[in-house]
Amino acid sequence: MFVITCPYCGARDQSEFTYAGEAHIARPEWDDAMTDEQWAGFVFMRNNPKGVFAERWMHAAGCRKFFNVIRNTATDEILAVYEIGAEPPKVSARLPATPSGEALGSGNDAVKVVASDEGARP
Ligand SMILES: [Zn+2]
């Protein structure tokens, strides 16, 4: 469990919120030439990184508004909260190494990690 600061209501327990998936997914313009694979890519294909990730949340037990959160999925640290339509702020995060030595990425392209080597593997 962690605390999420709703931009409209303030800090609340995570149990009041509903996860709504990856942020900044743009619905494609309808085009008769669009294939089923392209549409399925928009509907189903999402990133699921271990690291800094921009996600959409909804305050289900509060104002019921959607907003974006930048969260480090490796530590559950919330790095930023911002309204829908706003530019994602630049964030810095500690990205712990994985046991296999996997390099942790910066999640989706919407997230710009400024400093990420603190606590990283040598
Ligand atoms: Zn709220």
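Predicted model: local features only at pLDDT ≥ 70, side-chain atom pairs only at ≥ 80, totals over all residues.
1. Strand E1 covers residues 3-6 and strand E2 covers residues 10-13, and the two run antiparallel, joined by 4 bridges. Between E1 and E2 lie 3 residues, and together the strands make a hairpin.

2. Next, have a look at the sheet. Its 4 strands follow the order E3-E4-E5-E6, the pairing is antiparallel, and the sheet is open. Strand E3 (18-22) and E6 sit at the edges, each pairing on one side only. On average, neighbouring strands of this sheet are turned by 35° against each other, with direction ignored.

3. The E3 end of the sheet can be followed residue by residue. Strand E4 (residues 52-58) runs antiparallel to E3, and 3 bridges join them. Within this part, Thr18 stands opposite Met58 in E4.

4. Asp76 deserves a paragraph of its own. You will find Asp76 in the loop that links strand E5 (66-72) and strand E6 (77-83). Is Asp76 buried or exposed? Asp76 counts as exposed because it has 10 C-beta neighbours inside 10 Å, and the cut-off for exposed is 12 or fewer.

5. Leaving aside residues up to four places away in sequence, Asp76 touches Phe2 and Arg71. Phe2 and Asp76 are 74 residues apart along the chain, yet their C-alpha atoms are separated by 7.3 Å.

Methods: Residues numbered from 1 in each chain as written. Buried ≥ 20, exposed ≤ 12 C-beta atoms within 10 Å, placed from the backbone. Contact = placed C-beta atoms within 7 Å. Pairing = 2+ DSSP bridges. Axes fitted to C-alpha atoms, helices over the stretch in contact; angles between N-to-C directions.
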